[in-house]
Amino acid sequence: MIHAQISNFDVTQAESMKLQQESGDRKAMVEDAYKRLEVGLPPTEESELEWNRMERAEEVRAQRKVEKQKELEQDEQYLVPGGVTTTAEPRPNAYIPDDHAELPIPRPYGSLAPFKPSQPGSTMRHIRKPVIRPVEI
């Protein structure tokens, strides 16, 4: 019984000494941090790395916010008056006249809207381009 209490006391004493050593190390670290702050340096190397990491994360967050805002603006461009979203590119339905006599108010094209061809499909690669022969007069 006494041997158990003595060994328990030894373990507690060893743990106490370890904690006192750790406490002294931490106090020294805090003193060094204060000295570095007085000189104008970051308190510790780890704190500087963490600060840089936080700044990068804030920059990335701001960049994502800007990208999301741009994406929302692009999505608004493709809204159809019925509230439906389309992926088709908007085509011009009005023009601003070059007349200096009138106000520059857009006029609708009506049935004379300009033709805008679509992108050629993947099967166009099988069609040969025509050979233009010179005209002889």
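Predicted model: local features only at pLDDT ≥ 70, side-chain atom pairs only at ≥ 80, totals over all residues.
Which helix holds both Arg61 and Glu58, and how many residues apart are they? I started my notebook with that one: both lie in helix H2, 3 residues apart, about one turn of the helix. Helices here are DSSP runs (H or I, at least four residues), numbered from the N terminus.

Residues are numbered from 1 along each chain as its sequence is written, and side-chain values use heavy atoms, with hydrogens and water left out.

Next I looked up salt bridges (a side-chain nitrogen of Lys or Arg within 4 Å of a carboxyl oxygen of Asp or Glu). I found 2 in the structure. Arg61 and Glu58 form one of them, at 2.6 Å, N to O. Glu22 and Arg26 are also joined by a salt bridge, at 3.6 Å. That pair sits in helix H1 (residues 2-39), 4 residues apart.

Then I checked exposure (buried under 20% relative accessible area, exposed over 50%, partly exposed in between; 1.4 Å probe, protein chains only). Arg26 counts as exposed because its relative accessibility is 52%. Glu22 is partly exposed at 36%, and Glu58 is partly exposed at 45%.

Last, I looked for charge on the surface. Glu67, Glu71, Glu73, Asp75 and Glu76 gather in a negative patch; patches take residues with over 30% relative accessible area and no salt bridge, joining like charges within 9 Å and nonpolar side chains within 5 Å. I placed Glu67 in helix H2 (residues 45-77).

Methods:
Areas by Shrake-Rupley, 256 points an atom, 1.4 Å probe, with all protein chains shown as cover. Lys, Arg positive; Asp, Glu negative; His and termini not counted. Charge placed at Lys NZ, Arg CZ, Asp CG, Glu CD. Helix = DSSP H or I, 4+ residues; strand = E, 2+ residues; numbered from the N terminus.
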